Amino acid sequence: MNSTADESAIAVTLGLGGTMRIGGSTLAVADLMVVFEAIQRTGSVQGFADALGLSYRAAWARLQAYETALGRPLVHKTRGHGTALTEFGAALAEAFAGASRGLEAGFGRETRAVEHRLRRLLTGRSGALTLAASHDPLLVEVLSAQGGVELSVMGSSAAVERLLDGQADAAGFHCGAITPEAAGRPFSTVNGSAGLVAQPLFEREQGLLLAPGNPLGIRRLADLTAKGVRYVNRQRGSGTRDWFDRLLAEAGLPASEIHGYTVEEFTHQAVAAVIACGAADAGLGVRAAADRLGLDFLSVGWETYYLAASRSLAAPALQEWSAAIRARAARTPGYRACAPTPD
């Protein structure tokens, strides 16, 4: 066996398995699913036989054994139309298909985790990890220097959905000054019952980024509704946008009273740049973005930034990122490092 197996050739497929017990009989779920799929696809018992590498006679014998165990016919023959599933067979097939669809996201996440482990066992290398993450200047800077990561920047909600759907190995997200549980879906679904763990990476200070010298004298949220104040917002689905909307609701301020509420940018740095060039007067963002462009900053509070991944993803690179990010946060104004929590 080639010990330096081609990484591109490493692929794992996970699927619905297990058994179903009816009285004294035990049936393999995977085998039943093959039967249903083959008959629906080919309209014949021969298609089922070919799928399992059986003779026609052996396939019929197995099918009859299934029907005996279930006490119901699974297929019926129709002259000129071949073999089809009975109403009972079709309903059972849909039950298994529905369960498989419901588990696809979890299978996707665990498939990625197994592939990383297998790749490391066969080649000594884990391969690049994919990270879907809400924008943060410190995180982007550290990961750009670390390597071994394919970073896609997006809103917190989209990042978590990518992880839940099995399209990313890890997700970086934040929920403002509330916990993921209190933030609701999709954040509240990132927990141990889903096979996921969310580690706090750092806390960061968010607030209103203001033009240098704060020429409009903005001191509180209500000042954003004053005549002549131009706001620049973050995109829908971002944790910062969600936090801003909660702040408005708490203050009883209608979004319609804020000029520029519908003007959206996709990163903290972009919001800061719009204000720095004079195209807007205020926007919610992290202190680090204000400091980099010499803007004034009016704090609204601190929030936790999380890194979530499958509990079974044992990737050294993930631990290296976390350690490097926490170390940088500990020495950067506007950030506070979080101690890792036990799994």
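Predicted model: local features only at pLDDT ≥ 70, side-chain atom pairs only at ≥ 80, totals over all residues.
**Where H5 meets H11**

- Helix H5 covers residues 137–146, and helix H11 covers residues 316–330.
- The two helices pack with their axes 10 Å apart, at an angle of about 130 degrees.
- Angles over 145 degrees count as roughly antiparallel and those from 65 to 115 as roughly perpendicular, so H5 and H11 are described as oblique to each other.
- On the H5 side, the contact is made by Leu138, Leu139, Glu141, Val142, Leu143 and Gln146.
- H11 brings Glu320, Trp321, Ala324, Ile325, Arg328 and Ala329 to this contact.

**Helix H1 and the residue after it**

- Helix H1 runs over residues 29–42, which makes 14 residues.
- At 1.5 Å a residue, H1 should span 20 Å, and this agrees with its end C-alpha atoms, which are 20 Å apart.
- The buried residues in H1 include Val29, Leu32, Val35, Phe36, Ala38 and Ile39.
- As background to that list, residues three or four places apart in an α-helix point the same way, because the helix has 3.6 residues a turn.
- Just after H1 comes Gly43, with a positive phi of about 65 degrees.

**Arg204, a buried arginine**

- You will find Arg204 in strand E8, which spans residues 196–210.
- Arg204 counts as buried because its relative accessibility is 0%, and the cut-off for buried is under 20%.
- The side chain of Arg204 has a polar contact of 2.7 Å with the side chain of Asp136.
- Another polar contact, of 2.8 Å, links the side chains of Arg204 and Glu303.
- Leaving aside neighbours within four places in sequence, Arg204 is also in contact with other residues, among them His135, His174, Thr240, His268, Val286 and Trp302.
- Further contacts of Arg204 include Gly301, Tyr305, Gly334 and Tyr335.

**Ala171 in strand E7**

- Ala171 sits in strand E7, made up of residues 170–174.
- With a relative accessible area of 0%, Ala171 is buried.
- Ala171 and Ala198 lie 27 residues apart in sequence, and their C-alpha atoms are 8.9 Å apart in space.
- Beyond its neighbours within four places in sequence, Ala171 is in contact with Leu131, Ala132, Ala159, Val160, Leu163, Tyr306, Leu307 and Ala308.

Definitions and conventions
Residues numbered from 1 in each chain as written. Heavy atoms only, no water. Helix = DSSP H or I, 4+ residues; strand = E, 2+ residues; numbered from the N terminus. Buried < 20%, exposed > 50% of the residue type's maximum accessible area, 1.4 Å probe, protein only. Polar contact = N/O pair within 3.5 Å; in protein donor to acceptor, adjacent residues only side chain to side chain. Contact = heavy atoms within 4.5 Å. Expected span 1.5 Å × (residues − 1). Axes fitted to C-alpha atoms, helices over the stretch in contact; angles between N-to-C directions. Parallel < 35°, antiparallel > 145°, perpendicular 65-115°, else oblique.
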